[in-house]
Amino acid sequence: MQDADPTRTRPPNVHGCCEPRTARGPAGASSCALDLTLRRFAFDIAAPVWQKRSLVSGAEQQLSLTRPANAGAQKTEFRSVKCLMKQLMCLLGAALFSIPRPGQSAETAQARLWCDSLRFQRGYDQHGLYTLDFTTLSVGINGELTWDFVSANYEYSAYLELTDYTFGDTLQGVIEVDLPPVLDVNNDGFDDFFEVAMPVSTVSSSGEYEFQIYGAGTCTATWSRAAGSKNGTCAITMRLDGFTPTTFTHSFEVIEYAGPLTYTPGNTNVVADLVVTQTGNSNNVIQGPCQFVKVASDPYNDLTISDGVWTNAALQSLSYAEDTGGDLFRYPGWPTNYYGWLVFQDGDPYTGEADYVYWNLSIDDANDADHDTIPDFSDDPQTTAPRQPKLTLALSPDHVLLTIAGDVGRLHEVQQLADLSSTNWQPVKSVMLTNDPQTVSLPLPPGNTLFWRVRAQ
Ligand SMILES: [Ca+2]
Ligand SMILES: [Ca+2]
Ligand SMILES: [Ca+2]
Ligand SMILES: [Ca+2]
């Protein structure tokens with residue numbers, strides 16, 4: 001847990017606006033600085049350490065580098081959890097029985113789920129001499145630019161693969177770079193950079209790179225993205241020969257999902273189901289159960305996120321856990337919003353290694369049944385009992401017509417019994433009332449007598 005942070009511009013602890021976020025990036029990565037002068041050919045980064053092999057060819061030294069496994073991701077321990085959908089039912093009798101009990105029904109909030117990592121497509125230089133790829137994998141390209149695992153000097157980093165078409169070489173490298181400064185034009189507390197709906201006007205940030213053969217240097221990244229587009233452009237300019245600027249133009253993707261979170265309020269737990277669709281690619285869907293546990297000392301504002309498993313559109317599992325950085329908080333200034341961090345065991349199951357692991361979850365809940373400014377999501381559950389159903393019976397030539405007067409939107413279960421000396425009521429059908437009253441058709445009794453009752457939930 002942590003204290004609520006009223007300045008959510010850049011999510012708390014993110015991008016260095018608050019206390020250092022040590023949970024992001026591989027263990028040990030923040031403790032070493034990349035000295036690009038001293039380590040011109042070394043890549044001697046404390047952890048993880050690349051395996052390097054020195055080749056001497058004439059007067060030129062070359063290095064062959066192998067990236068370590070799971071470079072861009074931190075392993076997270078997952079505990080198994082069962083999200084039990086509680087059947088919150090109540091019994092209301094009619095005709096013969098009348099047993100009102102309190103009940104809750106599911107409500108809907110709006111969720112937004114976005115990844116801290118950006119996905120970079122291959123970049124091309126202005127002269128057609130090189131291509132540049134980003135990755136955090138030990139083998140292969142995944143396009144990921146993520147929290148800096150090289151040093152604490154910049155916000156983000158990735159390994160690089162530079163293909164030199166003049167010499168036919170592929171050179172290994174690394175980049176550290178800042179994101180654009182935080183901007184929150186829509187004043188929702190979140191950095192507009194990661195909100196697809198918001199634009200990123202052309203803006204530059206700085207970084208450093210290091211390659212085999214070409215060595216190290218500083219670089220600039222110039223970012224832009226149109227409002228409503230998940231894809232933006234990042235032009236990275238570096239001086240590979242020390243003098244001439246080479247600019248690689250990349251398309252980058254902000255990975256954001258949005259959609260409904262259906263939840264049932266509870267006294268201690270909030271049980272929910274998430275269905276979110278990627279903004280800009282409706283084929284990508286993440287869905288599944290989740291559970292939030294109210295923290296007893298501050299139940300309206302502080303909830304922990306239980307470990308769980310969602311699935312993507314290909315039904316691949318996405319195991320998630322709450323990030324060690326904090327709970328799901330309702331922050332002052334945004335009373336209808338809850339926000340927290342998630343860590344996926346592997347946010348991109350299409351690559352074998354763990355990648356795209358750091359995510360953010362924002363929940364907006366406009367429901368406030370008792371109008372006390374605490375959304376129903378974390379408020380004390382309303383204990384309003386359903387209205388007692390009133391029943392009338394009529395006969396048609398081949399059916400019994402049962403008319404139920406009750407609460408629209410609630411489930412009403414019809415039960416029957418042939419002999420009142422028994423209590424073995426049998427379910428006949430369940431009806432979600434869409435009208436009040438509403439008539440349902442039932443089969444004629446097989447014998448002379450049959451009793452019905454209706455239970456409202
Ligand atoms: Ca914003
Ligand atoms: Ca993966
Ligand atoms: Ca309330
Ligand atoms: Ca209340």
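Modeller: Let us begin with secondary structure: helices (H or I, at least four residues) and strands (E, at least two) are DSSP runs, numbered from the N terminus. Thr222, for example, is found in strand 10, residues 215-225. This is a predicted model, in which local features need pLDDT of at least 70 and side-chain atom pairs count only at pLDDT 80 or more, while totals for chains, interfaces and linings use all residues. Residues are numbered from 1 along each chain as its sequence is written, and chains are lettered from A and ligands numbered from 1 in the order in which they are written.

Colleague: How many helices and how many strands does the chain have?

Modeller: The chain has zero helices and 26 strands.

Colleague: What confidence does the predictor assign to the chain?

Modeller: The term pLDDT denotes the predictor's confidence in each residue, from 0 to 100. Its mean over the chain is 80, and 77% of the residues reach 70 or more. Over residues 1-102 the pLDDT is below 50, and this stretch has 204 contacts in the model beyond near neighbours in sequence. Where pLDDT is low, the predicted coordinates should not be read in detail.

Colleague: How is a contact defined, and which contacts does Thr222 make beyond its neighbours within four places in sequence?

Modeller: Two residues are in contact if their C-beta atoms, placed from the backbone, lie within 7 Å. Leaving those sequence neighbours aside, Thr222 is in contact with Thr202, Ser204 and Ala235. Ser201 is 21 residues from Thr222 in sequence, with a C-alpha to C-alpha distance of 9.8 Å. For the chain, residues 24 or more positions apart account for 56% of the contacts with a separation of 6 or more.

Colleague: How is burial read, and what share of the chain is buried?

Modeller: A residue is buried if 20 or more other C-beta atoms lie within 10 Å of its own, exposed if 12 or fewer, and partly exposed in between; the C-beta atoms are placed from the backbone. Of the 457 residues in the chain, 37% are buried. Thr222 is partly exposed because 16 other C-beta atoms lie within 10 Å.

Colleague: Which residues show a positive phi without being glycine, and are they buried or exposed?

Modeller: Asn187 is one of them, with a phi of about 55°; this residue lies in the loop between strand 8 (169-177) and strand 9 (200-211). Asn187 counts as exposed because it has 10 C-beta neighbours inside 10 Å. Tyr356 has a positive phi of about 50° and lies in the loop between strand 19 (337-344) and strand 20 (358-364). Tyr356 counts as buried because it has 25 C-beta neighbours inside 10 Å.

Colleague: How does strand 19 sit in the structure?

Modeller: In a regular strand the side chains alternate between the two faces of the sheet. From strand 19, Asn337, Tyr339, Trp341 and Val343 point one way and Tyr338, Gly340, Leu342 and Phe344 the other way, and all are buried. Eight of the eight residues of strand 19 are buried, so this strand is largely enclosed by the rest of the structure.

Colleague: What is required for two strands to pair, and which strands pair with strand 19?

Modeller: Two strands pair if DSSP finds at least two bridges between them. Strands of a sheet pair through backbone hydrogen bonds, either parallel or antiparallel. Strand 19 runs antiparallel to strand 20, with seven bridges, and Leu342 stands opposite Trp359. Strand 17 (residues 317-322) pairs with strand 19 in the antiparallel sense over three bridges, and Ala321 stands opposite Val343. Strand 18 (residues 328-330) is joined to strand 19 by two bridges, also antiparallel. In the hairpin of strand 18 and strand 19, which has six residues between the strands, Gly333 takes a positive phi near 100°.

Colleague: Which peptide bond is cis?

Modeller: The bond from Asp436 to Pro437 is cis, with omega near 5°. Pro437 is placed in the loop between strand 24 and strand 25.
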